[in-house]
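Before reading on, look over the sequence and the model shown below.

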Amino acid sequence: MTFDWSIIWQSMGALWQGALVTIGLTVLTMVLAVPLGIVVALLRDSRLKPVSALATAYVELMRNVPIILVVYWAFYVLPILTGVGFSPFLTGLVALVLNNTAYNSETFRSGIRSIRKGQTEAGLALGMSEGEAFRKIVLPQAWRRVLPILATTWVTLFKDTSLVSVIAVGDLAHTALQIRSQSFRVIEMLTAMAAIYWLLGYPQAKIVDWIHRKYGVTE
Amino acid sequence: MTDTLVKLPQGFALPEVVIEYRDVRKQYGEFVALAGVNLEVRRGQVVCLIGPSGSGKSTLLRCTNGLETMTSGEVYFDGMPLSKDPRKTRLIRQRMGMVFQNFELFPHKTALGNIMMGPMTVLGLSEEQARTRAEALLAKVGLSDKAGNYPANLSGGQQQRVAIARALAMEPEVMLFDEPTSALDPETIGEVLNVMKRLADDGMTMVVVTHEMTFARRVADHVVVFANGQIVEQGPPEQIFDAPKTTRTRDFLSHLGWDG
C-alpha cells in the first residue's frame, strides 16, 4: 500500500473552507441555543400547565433521539412544513439548534434552581418585579454556575456538527469525505480530517478546563 | 405629628397606625402557622416579636410585605390593604425594607453594588445618584472601607450591616427584621444590634422578629409574645419581661434563662 500525502496539500484550500463552515456552524448554533435554552427552561417551570408540558415534551424528545435523525428530519420535513426550501447550511443549523436548545435548557434549569429562593425574595422585598429579580439576581449567578457545563457542551457540539455532513453541508467532515471519494485517498483524507478536528478541538478543550478551574462551584 | 419628606395638604396626615394585621391566618395543609392574629404597629414604634421557634412570628413578618400569602385576613399598610395586584404589592414593598436571617446579599455584586441595585432598578436613580446614596449608607453602618468587597469577603456581621444599608437605600417608612442576628457569630451580633438601635433612635418604624431578649428589653416600645400561631401577650417591655401576665410568656422566658 502506498500513500500519497500530497492530496492533503492540494486540498488545503477546500479543507480550510470546510473548517470555517464547521466553526461558523458551532458559533451560530450556540449563539441561538443559549438564549433559547433559557427561554425553554423558563417555559418548563411555567405555572401554565400546558406550556410546561409542551416544553417538557420537546426537551425529552430531543434528548432521547439521535441528532442525525433530527438532521434528516429537518432536511425532509422542514420544507414540507414551511413550504420554503432551506439551504443545507440553514437546515443543519436548525437541527443543531433544536438539539442543543434542549440540552441547554436542562443546564440552565439546574443552574437556576441552584440559586436559593431567598435571593429572589431579597429582590422582591426591594420592590423588584419577578422578571427584574430573575434578570438582575438569579440569572447572573446561575450563569456563572452553568458556564463550565456550557463549555463542555460547546466542545461536544463542535464535533457533532460533523453529523450535518449527511445532508451535504459543506463543513469540514463533508468536504474531507467528498475529497476522499473523488481521489480514493481514504487513509490520507481521514488522517487529515482527524488532525484538523484535533488541532481545532484541543485548544477549545483546554479553554474548557480553564473555565472549569475558574468558575467550577467550590462552595 | 410626624415629620415627612413630602409636603402634605392641610388637614391631611399619614395615619398613625402604619401596619395593621386583621385576623391574619395562615395554614400549610393541616398545620396552622397563624391562627388569627390582630396587631397594630404605630409610626416610629419598635415592635419586637418574640416566642419559640415555629410560633408564627416569622410567618407574620413575611405576610407583611407579601412574601408569604395569607390563607385569610388582611394586612393594611398606611390604610391600604395588601393587594393581589402585583404592581400595588411592589409599590408597598418599596416602602418597607426587609432584612433576612441569612443576609441574602447578592454574591455577584460588591457591598456598594448591593446597595445601589434597588434604587437603580426600582426607583430609576442614575448610577451617580445611587452611588452617592450607597456611600452615605455604608458610612452610616460603619463600612465605608468595605465598599469594594464582595459578600464572600465580609464577615457575617458586616454582611448583615450591608443588608441593612441595602434596605435603607429605598428610603423605606418601615423596616422589617427577620431574626437578623440568628445566623451570626456571637462576637458580631453586637455590631448589628448597635446599627439597629441607632436606626430606632432616629425614629424608624421597625418590626423585629428576634431571640435577643436584651435588645427587645432595651429598644422595643412594644413586645409581642407568640405561641402556636397566636399572640399570647403583648405590652411594653417592662410588663413582658418584669411582670408577665400569662404562664405562656413566663414559660418561654424562663426557658431562655431570662431572669430580668
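Ser55(B) touches Ala33(B), Phe226(B), Ala227(B), Asn228(B), Gly229(B) and Gln230(B), leaving aside neighbours within four places in sequence. The model is a predicted one. Ser55(B) sits in the loop between strand 3 (46-50) and helix 1 (57-64) of chain B. Is this residue, Ser55(B), buried or exposed? Ser55(B) has a relative accessible area of 3%, so it is buried.

Turn next to the interface of the two chains. Here 21 residues of chain B are in contact with 18 residues of chain A. The size of an interface is often given as the accessible area lost when the parts come together. Between chain B and chain A about 1700 Å² is buried, and carbon and sulfur atoms give 63% of that area. On the side of chain B, the residues that lose the most area to chain A are Glu104(B), His108(B) and Thr121(B), together 30% of what that side buries.

Side chains of opposite charge can pair when their charged atoms come close. Between chain B and chain A there are 2 salt bridges. Glu104(B) forms a salt bridge with Arg116(A), with the closest N and O atoms 3.1 Å apart. Across this interface of chain B and chain A, 5 residue pairs are in polar contact. Which elements of chain B give two or more residues to the side that touches chain A? They are helix 2 (86-94), strand 6 (96-99) and helix 3 (111-121) of chain B. By class, that side of chain B has 10 nonpolar, 6 polar and 5 charged residues.

Strand 6 pairs with strand 7 (residues 174-178) of chain B in the parallel sense, over 4 bridges. Within this pairing, Gly97(B) has Met175(B) in strand 7 of chain B as its bridge partner.

Salt bridges also occur within the chains, and over all chains the count comes to 25. In chain B, the side chains of Glu171(B) and Arg133(B) meet in one, at 3.7 Å from N to O. Glu171(B) is partly exposed, with a relative accessible area of 48%.

Lys197(B) and Asp201(B) form another salt bridge, at 3.1 Å from N to O. Because they are 4 residues apart in helix 6 (residues 186-201) of chain B, Lys197(B) and Asp201(B) are separated by about one helical turn. Lys197(B) counts as partly exposed at 24% relative accessibility, and Asp201(B) counts as exposed at 54%.

In chain A, Glu188(A) and Arg185(A) are joined by a salt bridge of 3.3 Å, N to O. Glu188(A) is buried at 2% relative accessibility, whereas Arg185(A) is partly exposed at 25%. A network of salt bridges links Arg44(A), Asp45(A), Glu60(A), Arg63(A), Glu106(A), Arg109(A) and Arg113(A). Helix 5 (residues 88-113) of chain A holds Asn99(A), which counts as buried at 4% relative accessibility. Asn99(A) touches Met62(A) and Ile67(A), not counting residues up to four places away in sequence.

Notes. Residues are numbered from 1 along each chain as its sequence is written. Chains are lettered from A and ligands numbered from 1 in the order in which they are written. This is a predicted model: local features need pLDDT of at least 70, side-chain atom pairs count only at pLDDT 80 or more; totals for chains, interfaces and linings use all residues. Side-chain values use heavy atoms; hydrogens and water are left out. Buried means under 20% relative accessible area, exposed over 50%, partly exposed in between (1.4 Å probe, protein chains only). Contact means heavy atoms within 4.5 Å. Buried area is the accessible area (1.4 Å probe) that two parts lose on being put together, summed over both. A salt bridge is a side-chain nitrogen of Lys or Arg within 4 Å of a carboxyl oxygen of Asp or Glu. A polar contact is a pair of N or O atoms within 3.5 Å; within protein, one must be able to donate a hydrogen and the other to accept it, and residues adjacent in sequence count only if both atoms are side-chain atoms. Ala, Val, Leu, Ile, Met, Phe, Trp, Tyr, Cys and Pro count as nonpolar, Asp, Glu, Lys and Arg as charged, and the others, Gly among them, as polar. Two strands pair if DSSP finds at least two bridges between them.
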